[in-house]
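Please read these notes with the sequence and the model open side by side. Each point can be checked by eye.

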Amino acid sequence: EISTRDWSSDVCSSDLVLLEGLYNGAGTMRKAQDAAGNHFPGSTADQVTVELHNAANYSNIAYSVTGVDLGINGAATVVIPAAYNGSYYITIRHRNGIETTTATPVSFAPETINYSFNTPAKAYGGNLQLMADGHYVIYSGDVNQDGFIDTADMTPVDNDATNYEAGYRATDVNGDGVIDTADMTIVDNNAAQYIGAATP
């Protein structure tokens, strides 16, 4: 979920932003790992960036918040300054996920906005992955963040796996703290489907 506001700000809240690589089933995610264990404290699975894009010109980012905690239940909360009270596309970015955007601009006139990426109808271009248990997730595997999952993402994963790299890295697509064939499988499967970002 993405949510928003205090008295001087909007609160944008999402109650459902699930990441394919960390997906654990039943609408929950595992916690991203590094070489020592959980990378983030508490119930934070990983972090994302939340962007507000101009409704008439998507290339214009009106506001952006980095390092937003994303809970294992897919919940995230962002405080947006009250000055941003128009309508914006909301985009979620993750270190190895496909840029995913709301299907339509969202009005930030209310004090609190809740938005969930829980069905294809909620994402621009229907760009979500259906998991076996019926939940939808953001595609993982865009390691180099160029908007496509392809051989350019496979190469760094393969290189890090060959070198037995570990830790909190973009190449660790499934977030288990180790770069190996499990990460390559996600990238390879999505590349085979020609998965890329869908934006206005």
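**Notes on the model**

1. Leaving out residues up to four places away in sequence, Asn-127 touches Ile-98, Thr-100, Tyr-139, Gly-196, Ala-197 and Ala-198 (contact means heavy atoms within 4.5 Å). The model is predicted: local features need pLDDT of at least 70 and side-chain atom pairs count only at pLDDT 80 or more, while totals for chains, interfaces and linings use all residues. Residues are numbered from 1 along each chain as its sequence is written, and side-chain values use heavy atoms, with hydrogens and water left out.

2. Where does Asn-127 lie? Its place is the loop between E13 and strand E14 (129–130); strands (E, at least two residues) and helices (H or I, at least four) are DSSP runs, numbered from the N terminus. Asn-127 counts as buried because its relative accessibility is 11% (buried is under 20% relative accessible area, exposed over 50%, partly exposed in between, with a 1.4 Å probe and protein chains only). A polar atom of the Asn-127 side chain lies 2.9 Å from the backbone oxygen of Gly-196.

3. There are seven aromatic pairs in the structure. In one of them, the ring centres of Tyr-88 and Phe-108 are 5.7 Å apart and the planes stand at 75°, so this pair is edge-to-face. Rings of Phe, Tyr and Trp (its six-membered ring) pair if their centres lie within 6.5 Å; planes under 30 degrees apart count as stacked, over 60 as edge-to-face and the rest as tilted.

4. Tyr-88 belongs to strand E10 (residues 87–93), and Phe-108 to the loop between strand E12 (106–107) and strand E13 (112–116), 20 residues apart. Both Tyr-88 and Phe-108 are buried.

5. Helix H1 (residues 151–162) has 12 residues and reaches 16 Å from its first C-alpha to its last, close to the 16 Å expected at 1.5 Å a residue (the expected span is 1.5 Å times one less than the number of residues).

6. Which residues of H1 are buried? They are Asp-153, Met-154, Val-157 and Asp-160. Seen down the axis of H1, the buried residues fall within an arc of 135°, so they line one face of the helix; the arc is that of the directions from the helix axis to the C-beta atoms. Helix H2 (181–192) is included in what covers them. Thr-151 and Thr-162, on the other side of H1, are exposed.

7. Just after H1, Tyr-164 takes a positive phi of about 55°.

Methods:
A polar contact is a pair of N or O atoms within 3.5 Å; within protein, one must be able to donate a hydrogen and the other to accept it, and residues adjacent in sequence count only if both atoms are side-chain atoms.
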